[in-house]
Amino acid sequence: MDDAVSNWPQLQHGEIKLESSPELLWRQVNPQFVNNGQVTSQAFRPNSGDGNLISTCREEKQDARGAFEFYTTVLGRDSAGTWAVSVEQVVAVGARAFDDSESETAPQPCPPGHTSIDVRPFGPGRVKAISTVLSRHANVRGRQYPESS
Amino acid sequence: MADESDGFAPFRLRGGRYEQVGFPLEALPELARYERLLLDVARGLWRNNNPERQRLPRGFVGRLQLRLVRVEEGSVIPVLARPGLPADAETMLDGFGGVFEQAKNLVDATFEAIVYDEELPPELPGEVVAEFIRFGSGLRKNEQVEFLGRARTVVYDRSVRKRFLKRTATEQFSVEGIELGRVTVVDADAQEFGLTDLRGRLVRGKYTNSSLTVDFRRVLDSRNLASVVRVEGVLAVNERDETLEVEDVRSVEVFELPEFPWSSRLLELAALSAGWLDGNGKGVAFVALDFARDVLREVTDRGISVPGIFPMPDGGVQLEWQNDPIVTSVEVTPDLDVFLYRLDVNSGNEDNLTSTDVNVAADFIAGGFHG
C-alpha cells in the first residue's frame, strides 16, 4: 500500500504539502453514510466532480466543531458529524495531503484550513482500498464532533 | 433481416440485463410494445393509402402478429417472425403485406429521427406518436436499443427517450416500475387502490387483473398497521421520475421483513428520495435492495453480525463489515452488478469477486470472519 508514487500531479501555487505527522484532518460525513455508529468507506471516497481529491480541514487551522459548523451552516450541507484521520495515516496508505486553503484552487467559500487528500494517481481499485483503510482509522478514532456519548 | 421466412431482427438490446446470455423474461413487454407499435404504424399507413376503405381488411391484425422465434447473441438480438406465411403470402394478402415492410422501415426511420433529434418522417401517421412514447419504458439505466435497419447508427436509451418526451410535451408518461408503500384503500368493484408511500403521500392506482383484489385485500390496513408492499406495474411518472399514479399492476408483494433487526434500515433506504447526498444521490433501486435483503437473510442464518447498510450515490446498496483487521463489503449496483471486496487493513491483502449468487456472496463474507 505504501509504494512510492512517481506521477503525483504538480502542486499549484499556494498548495502546501503536509509532511507525515499526527495532525488530524477533519472529514464531514453525510448522515446516510453512518449506520449504527459505523462510517462507511464511501465517506472517504472522492465526491464525484472533485477530481479524486477528498476534502478535509486540518486541525492546525480549524477544530472539529468549527469544521462541522462551517460545513452545515455556511455551506448548508448535511453532516452527521466530524470524523478524523491523521496525516501520517494518509501518508501510510500511499496518498498525500496538501493544504489548499490559501491557493487559487481552493473551493469557494473555502472552509478554514481546507486540505485535500490526494488520490489522483490511482485507479478505482486502489482508491477503494485507500478509502477502506482511512474509514477504518476514522471508525477506530470515533466521532470527534459532536462527541459520541 | 431480408428473408422474413427466417425471421427478422429489428434491433439489438445491450447493456444491463442484456449483457448476460438469453433474453430476460421481465423484458418481454418491450417486444410486445414493438409489435403494437409496428401494427399501429401499419394500420395508419394502410388507412392513409386506402382512404375510401372504412375498415381494415379481414385478417389484417392477425397476419401482422409477431412471434419471437429465437434470440441471437451480441448482446441480445430478438429475431421476430410472422409465422405460417407462405413464400408468396404477400401477393395473396390483398396487398397489405407490403404495408408491413413499409411500417418496419418507417418505424426505423422514426427512431432514427428521434435519436438524431430531427423532424419525424412526414408520412408517419400522427396517432402513433403515443406508441413511440410507450416503447422503451422498460429500459433501465445503461440499457440501449440499437436499431439495425438504418445506415446511421441508431441507439435509443433513457436519455433519448426523455428528450423525446419533452419534445412531445408529455408531462407525464408511463414506465415499468415499482412503488413502495402501504395499501390503505381498496375498491374491489372499481379495481382501484390507494397506496400511502413511505413519505405519507397517497398514490392512487388501478389494476386490470381482477385476481389481484385478493392480494390487495390481504395487505390492506391502516397506515400504522399495514405491511409495506411493493407494487410492480406501469407507473405514470413526471419528468422528475416521481410517481403520479399507478396505471396498472402486475404484482403486489410484501417487502417488509419485521423479524430481522436490519429490516427497518432497508426500508429507510427504500424511502430515500433522489438528492439525498447534498442534491446528488439517486433513489435506491429495488433490485439492489432485494439482493441485499437476500444476502442479509443468508448471513443472519449463518450467525454473522449485522453489517453497516448504506445507500450508494448511483442508487445501489452497500453492506460493509468493519472488523479488525478485516473489512468486507458487498456493493450492489442498480443494474445488479455485485462486487465483493475484502481487505486486511494491516497487511493490505485484498480479495475481489463478482457474483450474483447469494450463497457465493455469503461464503465470501463468511471468509472474512473465519480467516
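Predicted model: local features only at pLDDT ≥ 70, side-chain atom pairs only at ≥ 80, totals over all residues.
1. The largest nonpolar core holds 85 residues. Those with the most contacts inside it are A:L25, B:L289, B:A292 and B:V295. Helix α9 of chain B, residues 286-301, gives the most to this core, with eight residues. Domain 2 (173-254) and domain 3 (263-370) of chain B each supply at least three residues to this core.

2. Leaving out residues up to four places away in sequence, B:L289 touches B:L266, B:L269, B:A270, B:V284 and B:V317. Another core lies apart from the largest one and has 31 residues, including B:F11, B:L45, B:V115 and B:F132.

3. In chain A, A:I117 sits in strand β8, which spans residues 114-118. A:I117 counts as buried because it has 25 C-beta neighbours inside 10 Å, and the cut-off for buried is 20 or more. Neighbours within four places in sequence aside, A:I117 is in contact with A:L25, A:L53, A:I54, A:T56, A:V90, A:A95 and A:A97. A:S55 is 62 residues from A:I117 in sequence, yet their C-alpha atoms are 6.5 Å apart.

4. Between the chains, 19 residues of chain A are in contact with 21 residues of chain B. On the chain A side, helix α3 (residues 124-141) gives the most, with six residues. By class, the side of chain A that touches chain B has 11 polar, four nonpolar and four charged residues.

How values were computed. Residues numbered from 1 in each chain as written. Chains lettered and ligands numbered in written order. Core = buried A, V, L, I, M, F, W, Y, C linked by C-beta atoms within 7 Å. Buried ≥ 20, exposed ≤ 12 C-beta atoms within 10 Å, placed from the backbone. Helix = DSSP H or I, 4+ residues; strand = E, 2+ residues; numbered from the N terminus. Domains from an automatic or database assignment. Contact = placed C-beta atoms within 7 Å. Nonpolar A, V, L, I, M, F, W, Y, C, P; charged D, E, K, R; others polar.
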